[in-house]
Amino acid sequence: MPFMPDLLWTDALVFVLLAAVAALVWHVRRHEHLAAPWRKVARSSSGMAAATVLAVFVVIGIVDSLHYRPAVGVKDGKTVYAVEVLSVLDAIAAPLRARREKTYSAPLATHLYSKETMELPDGRQAREFPRLKHGGSHLKNPETDLLPDIARRVLWGFAAGAMLWIVLAMLLCAALARSGNINVDQAWRAVWRGETDVPWRAVLIMLVVMVAAGGPVLALAAKYHVLGTDKVGQDVFYQSLKSIRTGLVIGTVTTLVMLPFALLLGVMAGYFKGWVDDVIQYLYTTLSSIPGVLLIAAAVLMMQVFIETHPHLFETVTARADLRLVFLCVILGITSWTGLARLLRGEALKLREMEYIQAAHAFGVSHWRVLSRHILPNVMHIVLIAVVMDFSGLVLAEAVLSYVGVGVDPTTISFGTMINSARLEMARDPMVWWSLVSAFCFMLVMVLSANLFADAVRDAFDPRVRVARPFRLAAIKA
Amino acid sequence: MISYVVRRLLYAIPILVGVNVITFTLFFVVNSPDDMARVHLGVKRVTPEAVQKWKEERGYDKPLLYNGAAAGAKRYTDTIFYEKSVRLFAFQFGRSDQGRDIGYDISTRMWASLAIALPVFLLGLVAYITLALLMAFFRATYVDFWGVVACVAMMSISGLFYIIGGQYLVGKLLNLVPVSGYDGGTNAFKFLVLPVIVGVVAGIGASTRWYRTIFLEEMGKDYVRTARAKGLSELRVLFRHVLQNAMIPILTGVVVVIPLLFMGSLVAEAFFGIPGLGSYTIDAINSQDFAVVRAMVFLGSVLYIIGLIFTDISYTWVDPRVRFE
C-alpha cells in the first residue's frame, strides 16, 4: 500500500462528533417539533451567511483530519512508512508545504526579506536581497514581469471563481425548481428578489465574496507565497489553513468532553435535590472558584511533566502533539462544564415541579426513565445554545493560552502559535506584519461567523435564555 | 447581617479545603516530586543523587501524607501535604522553586497589577454602561443595529490583537507613550496609559452587548410602562428607573471580580512588561516553577470567594427586598 491510514486521537473524536451530528440531524428530521426551530435558524439571513462560511471551514478541517503515513520504501519485504504523519490537506496543498524559503519573505514577494552576501557575476561581493527559491521563480525579470503576472493570475482566479459560483447558483436554482414545481427561471427570480423561505440570496452573496477572495488567492498560491513566509520560510497561507483544524478541534472536542459531565451532574442535582444536589453543587462551586487560566495553567504544566517523563508512550512527534491537544481539550472541558451544569440544575429544579413530571411519578415511572424521557429532552435547547455560544470563546481562548505557554504543543500549527512567533518580530523595522494579519483575518472570519451563527441559533431556540457568558472564558480572553 | 457574613465565611472553608485538595492532587499526586525534579534538571542525563538533592533543597523529600518515621504530631506535620498545602491557609506561601520568598514577591508585585487593573475596571464600567444605555435609548433604530454589529465584530477579535494593535498604533506609529515598561510613583502614569486604554477597548464588544441585554430586559417590564404613563421623560425613565433596577444583574457580574483585580491580567502584563502578579505567573509557568503556580491558584480562589461574599453583601444595598435572615 502506498500509504497507511493513521487515526490520531483528535481525528477519532472529530469523527465521533460528526457521527453524533449526523445522528442528531437524522433524528431532528423525523420530528416536526424539533425541526421547527431549525427552520427558524434557516430563515435568518445572517445565520445562513455565517453557516456558509463555517461550512467551508469545517470542510477544510475535516480534510485536514484524514491522516496517513506515506510509504518511503520496502525493507525485508515489508513496506516502511514515514514517521511523518500527513493529512489529505497536506497532500492537496503539497506544493505549499514543500516550497520552503530560507526565512521571511513578504506576501507576493520575489526576493527575501533580509540581505545576504552574494557573489556577483564579476566576482565582487555585495549585500543584496536574494531571489526566492520558489516564490515567483518562474519570472525572468521580476521588476517588470511581477505586476502583469499577478494581474493575469488574479483575473484567472476571478474567472474560475465566477464559473464555480455560476455552477453552484444554477444547481441551487435547479434544486429549488424541482422541489417547488416551478421552472428554473422562476426559481432564480425568487432567489434574486429574496422571496425564498430560506434566504438563499444571502448565501449566494456570501459565496460571491468567498469565491472573489478565494479564487485569486488560490490562483496566486500556485506560484507565489500569497501571505508571505515565516521565520523558517514556511508559507503563511498554508499555516493559516492548518490552524483552522486546531481551532475547530478546540472549539468542538472540548464541548464533546464536557457535555456528559455537565448534562448528567447538572440534571441530577436539580432533579434529586437533597444530598445529591449538595455534593454536586459543592463540586462545581469548588472547581469554579479556581480562576480558569490558573487551573488550566496548573493542569497543563503537570501534563507537560507527564509527557516529558514518559517519552516512550508516543510513537511520532505528531502523536505527542496530538495527545497534548486532546489533554488541552479535556482540561478546558473540566474547567468549563460548571457554567452549563449550573444552568441545567436550575432548569431541572423548575421542571421537576411540572405537572407532567408529577404525572409520570404517579404512574410509577422510574427515576432513570423520567430523567431520560422527560427532563433531558426539555433541557436540550439550553445545551445546544451553550454549545454554540461556547465555540467562539474557546477558539479565542486557544490563542491566549498558547501565548501564555499553556496551549497547544509548539509543533502544532495554530492561531496561537502563529501569533506567538510573529510577536517576536514586532520590534523589527520594517515590521514583519503578514503572519499577524493572516492570523487576525482568519480568526476574525471564523469567530465572527461562529458568533453570528450562535446568535441565530439562540434566537430560534429561546430568545429569553440569557446564557451567562462563562466568567472563566471571559477572563481568559482579556 | 453580621451572622449572615459569618455564615458565608464558614461556608467558604470547605470550598477552600476542596481547592487545596485539588491543587495538592494536581501538583504532587499526578506527578511525583521525582518527575518534577527530573524535568527541572533535564530528563535524560540526571543522577538519582541530583534528584534527591533538588528535592531536599525544596522540601519535597518528605512523605506525601503520613510520615511513619517521625513521632507524635510530627507524623502529620512533617509531610509535604502539611508543609506545602495546609500552610497556604495561613498565607504562608513558602519559597519558590528558585528559592525566592513567594509571600514577599506577591506583596511587592500586586500594586503594579492593581495600578492597571483598577483603572481598566472603573473606566471600563463607566464606558460600557454609558454605551449600553445609549444603545438602549436608541433601541430599534440604526444606531442600535450598527452598535450591535460593531459589538459582535469587536468581541470576535482576540484580545491579543487589541494589545498588538494598540502597541503598534499608539506606541510605534504615533510615538506617544513607551510601548512597554514600568516605573514607580508618578512616573508610572505614562506607562499605564496605553495598557489601560487597550484594556478598556478590548472589553467594549462583549460587555456593552451584555449590559444592553440587561437594560432591554428591564425596559420590557411593567414599571417602565407605568413610569412612561406618568409622563416621565425617556431619559428620566432610563436613569431613575431602568439603571437602578438593572443594578442587581450588573452587580452579580461586577462585584465578584473586584478582589481578583489584585491578580492582574496575565497577557496584558506580559506584553506591556509590567511587573505585576500576572507577569509573575507567566514567568513561573515558563520556568515551570510549580511552587509559585500553586500559590497563585490558591490565592486566586481565595480572592474569588471573597468576591462572592462581597456580591451577596452588595445586594442588600441595591435591593431592599433582599434580606438575610
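Is A:Arg43 buried, exposed or partly exposed? A:Arg43 has a relative accessible area of 42% and is partly exposed, where buried means under 20% relative accessible area, exposed over 50%, and partly exposed in between (1.4 Å probe, protein chains only).

The views below show a predicted model, in which local features need pLDDT of at least 70, side-chain atom pairs count only at pLDDT 80 or more, and totals for chains, interfaces and linings use all residues. Residues are numbered from 1 along each chain as its sequence is written, chains are lettered from A and ligands numbered from 1 in the order in which they are written, and side-chain values use heavy atoms, with hydrogens and water left out.

**View 1. The salt bridge of A:Arg43 and A:Asp197.** The two side chains meet at 3.9 Å, N to O; a salt bridge is a side-chain nitrogen of Lys or Arg within 4 Å of a carboxyl oxygen of Asp or Glu. The pair links distant parts of chain A, 154 residues apart: A:Arg43 lies in helix α2 (residues 32–43), and A:Asp197 in the loop between α7 (184–192) and α8 (200–221). Helices (H or I, at least four residues) and strands (E, at least two) are DSSP runs, numbered from the N terminus. A:Asp197 counts as exposed, at 56% relative accessibility. Over all chains, the search finds 22 salt bridges.

**View 2. The salt bridge of A:Asp11 and A:Arg245.** The closest N and O atoms of this pair are 2.6 Å apart. A:Asp11 belongs to helix α1 (residues 9–30) of chain A and A:Arg245 to helix α9 (residues 236–272) of chain A, so that the pair links distant parts of the chain, 234 residues apart. Both partners are buried: A:Asp11 has a relative accessible area of 0%, and A:Arg245 has 9%.

**View 3. The salt bridge of B:Asp144 and B:Arg212.** The closest N and O atoms lie 2.8 Å apart. In chain B, this pair joins helix α7 (residues 142–155), which holds B:Asp144, to helix α9 (residues 188–219), which holds B:Arg212, across 68 residues. B:Asp144 is buried at 6% relative accessibility, and B:Arg212 is buried at 16%.

**View 4. The salt bridge between chain A and chain B.** The count between the two chains is 1 salt bridge. The side chains of B:Arg209 and A:Asp455 meet in a salt bridge at 2.9 Å, N to O. A network of salt bridges links A:Asp455, A:Arg458, A:Asp459 and B:Arg209.

**View 5. The contact of chain A with chain B.** Chain A gives 52 residues and chain B gives 51 residues to the contact, defined by heavy atoms within 4.5 Å. About 4,700 Å² is buried between the chains, and carbon and sulfur atoms give 75% of this area; buried area is the accessible area (1.4 Å probe) that two parts lose on being put together, summed over both.

**View 6. Cysteines A:Cys173 and A:Cys441.** A:Cys173 is buried, with 3% relative accessibility, whereas A:Cys441 is partly exposed, with a relative accessible area of 36%. The count over all chains is 0 disulfides, a disulfide being a pair of cysteine sulfur atoms within 2.5 Å.
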